[in-house]
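Subject: Handover of a protein structure

Dear colleague,

Please find the structure below, together with its sequence.

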Amino acid sequence: MNKIKLTRQDEPDFDELYRMIGELKDFLKEDMGSRNWMKNLETILDFQDTDGSFKLFTSYEIPSDARVDFCHMPTYICTAILMKSYLIGDSKLSKKIDRPLRRGLKACCMRNLMGHGYEALEGQIEALNIFMKAGLREFIDLYPDMSRKFSKMISNICGSNFEMLESLRNALLGPWGEDYKEDILKINKYFNTRRVFVYGTLMNGESNHHFLENSNCLGASTVEGYQMYNVGWYPAIVPGDGMIIGELYEVPQEDMARIDMLEGEGSLYIRKCEMTSSKSLAYIYEFLEDTEGLDRISSWKDYIWYVSYGSNMLYDRFICYIEGGSYEGSSSYRMPCEDTSAPVEVRAVEIPHDMYFGNYSGSWHGGGVSFLDTEKDGHALGTAYLITREQFEHVAAEENGGRYPDGTGNWYEDIISLGDMDGFEMLTVTNKKPREQNEPSEEYLETLKRGIRENWPDMSEEDIGRYLNSCIRE
């Protein structure tokens, strides 16, 4: 993201005003730590006015609609940015923005988040959506006393126990009810659920998963900046340099007390808010006791990176190996894995061996398919899928005609290690014995091109063509 530029106006320049609003909204969605992130946060902190607001005019003495759009709305957005930073930043950053955030929260209470005129309710919903992007429910849960006035205002808007305020519910029956119905239901669901990232015995198939029987699994996910230890029958995570693999759940708010009790929240673990790889703020439970003498582990379940350098670089084709089925009507049917969970992460990687085309594949009209030349160093493009070891073993067998590689056949008989990434081993399959070279079919080349485009979007068509041509040996 480019550097944000903020100025206060005496006379309206609407192009400039909307530019500033747009930049602030974009920054609210930006990942912390991205390029220019800290400089833009400093710009916002320096821009805060003496009354705690972030208004874009020098005075509130302007028409009411402009006052909402260019005084109150930028105050909501900037305060939401500080709220998000406070929730997931480190202690040094939280200390830096503590006072500006308190002042911003106070300034947000000037008009109960309402819009202007006939759009009063619409403005309130828009303001709530802005704060929801910043982790409003988590902030109110964890820091209700930072600004009691702000917390009370949110509670009044949304009702006790964060059910929608009667006026909002009544809007469903009013003349604008249908316009607001979807938004109101969305807000209601937001405040009555909590997102929780689990990484141990609460995961699917583990001993305490029944605590999530009323919850909705949003899929596998990861959190950066922690390391995991084996406590015995459960894992513990503490701040560190690793990546934690887990699952993301949408949990009914009324179930959170039971999960807190299970985790010993406040004594054995503390509940914190983190940003997951799913671009979602979620609660995570951090271990409070000493980890000295405990064994560090990479994950509670056994994960590896499966690295593909051929047609499985294309996600839609690879996922058939996990979920079962045929890719785009192909006659080759893949048996489903017992665990059909999608990969936790997908990354483009470089492989330190050349790729070449060999053998005669009936599935690809007699053309050659991809193998690695492991006898010397080289370079190939690859796609790494973070999956469980059991899933990898299934994929390796499917790549080899349904038989697990044992080094005795003519296809993908050898599993080789490509090192590790983020503490997880990188494995792929090939045949260490050089295969008879054979040009690939046009269909196979097109599948590889699609996989490369998907994972290497900055490569031009000419670059992709040159790379694939270099893999065709005489």
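Predicted model: local features only at pLDDT ≥ 70, side-chain atom pairs only at ≥ 80, totals over all residues.

Overall picture

The protein contains 14 helices and 13 strands. Its C-alpha trace spans about 80 × 55 × 45 Å along the principal axes. Of the 474 residues, 53% are buried. Among contacts between residues at least 6 apart in sequence, 68% join residues at least 24 apart. The accessible surface amounts to about 22,300 Å², and carbon and sulfur atoms account for 46% of that area. As to charge, there are 50 positive and 80 negative side chains, and the centres of these two sets are 6 Å apart.

Two hairpins

Strand 9 (residues 354-361) and strand 10 run antiparallel and are joined by 6 bridges. Within this pairing, Asp 354 stands opposite Asp 373 of strand 10. The hairpin has 5 residues between its strands, and His 365 adopts a positive phi near 60° there. Strand 10 itself, covering residues 367-373, is mostly covered, with 7 of its 7 residues buried.

Strand 12 (residues 414-421) and strand 13 likewise run antiparallel, with 6 bridges between them. Asp 414 has Thr 430 in strand 13 as its bridge partner. In this hairpin there are 2 residues between the strands, and the positive phi, near 55°, belongs to Asp 422.

Asn 431

Asn 431 lies in the loop between strand 13 (424-430) and helix 13 (442-455). Is Asn 431 buried or exposed? Asn 431 counts as buried because its relative accessible area is 2%, under the 20% limit for that class. Its side chain reaches two backbone oxygens: that of Trp 411 at 2.8 Å and that of Gly 409 at 3.2 Å. Beyond four places in sequence, Asn 431 touches Phe 371, Leu 372, Gly 409, Asn 410, Trp 411, Glu 413 and Asp 414.

Ser 85

Ser 85 belongs to helix 3 (residues 64-88). Its relative accessible area is 2%, so Ser 85 is buried. The side chain of Ser 85 reaches the backbone oxygen of Ile 81 at 2.8 Å. Leaving out neighbours within four places in sequence, Ser 85 is in contact with Met 32, Trp 37, Leu 41, Leu 93 and Ile 97.

Ser 215

Where does Ser 215 lie? Ser 215 is found in the loop between strand 1 (193-198) and strand 2 (216-230). At 15% relative accessibility Ser 215 is counted as buried, because the class takes in residues under 20%. Ser 215 touches Tyr 249, Glu 250, Val 251 and Pro 252, with residues up to four places away in sequence not counted. Ser 215 and Leu 248 are 33 residues apart in sequence, while their C-alpha atoms are 10.0 Å apart in space.

With kind regards

Key. Residues numbered from 1 in each chain as written. Heavy atoms only, no water. Helix = DSSP H or I, 4+ residues; strand = E, 2+ residues; numbered from the N terminus. Buried < 20%, exposed > 50% of the residue type's maximum accessible area, 1.4 Å probe, protein only. Polar contact = N/O pair within 3.5 Å; in protein donor to acceptor, adjacent residues only side chain to side chain. Contact = heavy atoms within 4.5 Å. Areas by Shrake-Rupley, 256 points an atom, 1.4 Å probe, with all protein chains shown as cover. Lys, Arg positive; Asp, Glu negative; His and termini not counted. Charge placed at Lys NZ, Arg CZ, Asp CG, Glu CD. Pairing = 2+ DSSP bridges.
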